[in-house]
Amino acid sequence: MSDAPTPERDRAAEEGRLRAVWANPPGWRYWTSVNNTQIGLWYGSAAFAFMLFAGLLGLLIRAQLAVPENDLLSAETYNQVYSLHGTVMMFLFAVPIFEAVAIFLLPPMLGARELPFPRLGAFGFWSFLIGGVFVCGSIFFGAAPNAGWFMYPPLATSEQAGIGADIWLLGLSFIEVASLAAAVELIVGIMKCRAPGMRVNLMPLFAWYLLIVAGMILFAFPPLIAGDLLFEMQRMFDWPFFDPERGGDPLLWQHLFWIFGHPEVYIIFLPAIALLAMIVPTFAGRPIVGYSWIVLAAVGTGFLSFGLWVHHMFATGLPQISLAFFSAASEAVAIPTAVQIFVFVATMLAGRVIFSTPMLFALGGIAIFVMGGLTGVMVALVPFDWQAHDTYFIVAHLHYVLIGGMLFPVFAGLYYYYPLIDGKHMSDRVGRLAFWLMFTGFNIAFLPMHLTGLRGMPRRVYTYPADVGWDWLNLISTMGAVVLGIGMFAVVVDVTLHRRKQPRGEVNPWNAGTLEWINEPEENWGVRSIPRIESRYPLWEQKDLATQVNAGEWYLPDAEEGLRETLVTSVLDAEPEQVLRVGGTSYVSIFCAATLGTVFIALTFKFWIVSLLAGLAFLCGLIFWLWTGTGDIPEKEEKDIGRGISLPLYASGVKSVGWWAMFVTMTGDGTAFASLVFGYFFFWTIHEDFTGGLGGPGALWPMAALALFTAAWAATVGAREFNRRGGVVAARTLLLSGALLSAAGCAAALAGPWRSGMDPTAHVYPAIVWILAIWASVHGAAGIFMQLYCFARSIAGRLTPRHDMELHNVALYWHFMLMTAAVTFSVIGLFPGAM
Amino acid sequence: MWRLLPREVESLWTLFTASVVWALHFLACYVGAAIYCEKPGLLGYDFVNLRIAIAAVTALSLAMIALSAILAWRQWGFGAGDPPHDDPTRQDRLLFQGYATLLLSGLSFVGVVFTALPALFITECLR
């Protein structure tokens, strides 16, 4: 960094160029924008709309239960209504809203122009929207999921479940893809795209939380995807994974679902707390007390949350010692959770608190959440849980946790961050009214449910008799729900109508200290120039920073080449490493989301041809996307970013964001694979002879497959090394032979179960062997695709010894592929013999 | 021991060491008990074996967490400097990492003890 006076610059021309580069396309093509601000807003609005829809379903539930023996809804409609209420709230609101907020807020908060993969972000949004509309729309055709939001077999594998179960499985699998895409984007963004100087000890706490949460998504969502795969194979092709008569076990679904489902609660909760960690210091007028303690709490909760899943299964007859392990972990997680609450209380005590509308929602949320947390500690105790299991006590508990720990903080965030959207403010009067309506309405609705539950009212019943003492409690709950609904309606009115007449207000009305408040809402470029950060609260502690940034005095103040650029920095100390050129406006994200969505939707209705064609279209779109939008060789080696710093425009290997994205994606992929292997050993554990007396794939074919895949791996790594040393021809030869070896590996993988005549519908053992072999083959096929892609890039001169990013990433993929092959083929080939 | 590992481990991942140990310990206890209770022949018929195994894994895990805590404590300068460690220097970043790692080691230690406690009281595969 140098403080030498900058030479004369034409700042107006700089701004003109920046504005042109980051501008949204006009007219209807506005919807092809990939800019994080637009994607974040659309994502958030869609998630909010889904929430309102699910809220109406919630009101329907309450209307039905208001009086005993009610016939407003039929039993079947009621089943669909509550299943969809839970599903939409969890999958289409709670998780996506945080992805939306993160995509909107993170770049300005980290001082980045954009997240590293804007088109991936857009792809995630469109996938979410298509999948969400598909799942929600089903109820208007009486075809919504009707077996609860967790789809337990055998009910959900039965004929009774109807097409709703397929809509749930395929629609949500598609949305999970969107969540994984967001996780990749957020992890790489937070680790590699922070402003120079923003070391890990200076990172905004929001970013810390989001980093942990995105990491959790990588380990939590894939087990559900694996579960969905097994479930759909049973529903479509009668592979008996959950059918006890043929060796399957419904409990495997419960394990896979809750290995996802419990961390999911914290995936929802932590980002909401992250919002509070930004809001509380602002209104206490001081830095947060105990920054490191918050990091402890976020990381600790992230880990512990994976040791809780069986507490949803306390009543399934597992050995008591197993239950006790999970009970202990469920108690332990109260420690880091409470640490966060105490940090907020300490910060408020140490500062002078301004009780603004966001702060009201924040405090109300904390109060409600603490109550939910305490009943959580109660139900974490096995004996108590056996009493309360599947009653309205649990309904009360989970709503206290989710509404206090998520909905109220999100509303706090809405009121707090609204000025960043277009410079206008939400109404304080409406906000306070809405808060008190929501707060009282919520408690009137859900506090009595504890008692209703303890009096024995089970969940998911569409009506109840009059003489068992549940009637007046339910009536009170319904009245409270209506008040809660009115409160939320007030906020909707405030967002949509009231605000139009408002003039623009101050950009930083709360005098907040974090970087995102430098933002100029009318500009689309993120930050005018990227500053060097020296404090956790740069706007409080770095004098004149906003003026300097907005005058373009810091890094990257121009876009001479007419390309969208942001800075890549090192993971720990955020030293500038590279100028990254990110993708701009494009149809390709929408095209890929629409075609992939068609694949899933067509599968639901078993339209095989449509599904196949859409799959091919998706593949073409993907190739176009990769070929034209990634790995471009820049016109020069380095670029001056101002203040005497020059940075490379190209990076490969561990320094490139693509490598990190591959690493993160494959970690998630590895988790899904591990879940399938878990399934294999689960079946081994529960049966005396898990093969059911049937023959296995033998050792020969699996070992041959392993050898072939190992050779393909060696060829790929060799290609990378030869290419780096200038041996382009040798590299191309190795890539081609790698592809051939890999193709032979795929064939050998499938030959094992096929040549042994294993019938996957006969018993769960052949079914799980087939699934593992297919998994390895599909990954082998993806490996072939990548090897041929690198080959083509090399021929086209887009992959050279100096510019070899793709080859590094593909070699990384093959490291994971080698591990997948080693585990798959040792397990299916050698394990039965060893036993 | 002081020379066993580099004085300042320049990585983000050391932050997670103790938590990873907790996770592995948890998994070992859960998987061990699950397999023992489903297939008693495989791991020996006496429940005491399982409890001894859990005790051994617990002792090992606690020792590893203690080691991670000591290394973190050293990275934190043995508590010489007070938080918040918010200076824009490499030194303060290292102190912050050391302190956060130390805190996480404490939580993981408690977590491991919590997880192991059931083995003290439960003496059979009761369902």
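At what angle do helix α5 (residues 162-192) of chain A and helix α21 (residues 657-686) of chain A pack, and how far apart are their axes? The two helices pack at an angle of about 135 degrees, with their axes 9 Å apart. This is a predicted model, in which local features need pLDDT of at least 70, side-chain atom pairs count only at pLDDT 80 or more, and totals for chains, interfaces and linings use all residues. Residues are numbered from 1 along each chain as its sequence is written, and chains are lettered from A and ligands numbered from 1 in the order in which they are written.

**Helix packing**

- Axes are lines fitted to C-alpha atoms, for helices over the stretch in contact, and angles run from 0 to 180 degrees between N-to-C directions.
- Because angles under 35 degrees count as roughly parallel, over 145 as roughly antiparallel, 65 to 115 as roughly perpendicular and the rest as oblique, α5(A) and α21(A) are oblique to each other.

**Residue V184(A)**

- V184(A), located in helix α5 of chain A, has 27 C-beta neighbours inside 10 Å and therefore counts as buried (20 or more other C-beta atoms within 10 Å; exposed is 12 or fewer, partly exposed in between).
- Apart from neighbours within four places in sequence, V184(A) contacts L120(A), A661(A), V664(A) and T665(A).
- V184(A) and V299(A) are 115 residues apart in sequence and 18 Å apart in space, C-alpha to C-alpha.

- Beyond four places in sequence, the contacts of L106(A) include L115(A), L186(A) and L210(A).

**Strand pairing**

- Strands β3 (residues 638-642) and β4 (residues 645-648) of chain A run antiparallel and are joined by 4 bridges; strands pair if DSSP finds at least two bridges between them.
- G642(A) has I645(A) as its bridge partner in β4(A).
- The two strands form a hairpin with 2 residues between them, and R643(A) in the turn has a positive phi of about 55 degrees.

**Chain contact**

- Chain B contributes 41 residues to the contact and chain A 37 residues.
- On the side of chain B that touches chain A, the largest share, 16 residues, comes from α4(B).

Methods
Two residues are in contact if their C-beta atoms, placed from the backbone, lie within 7 Å.
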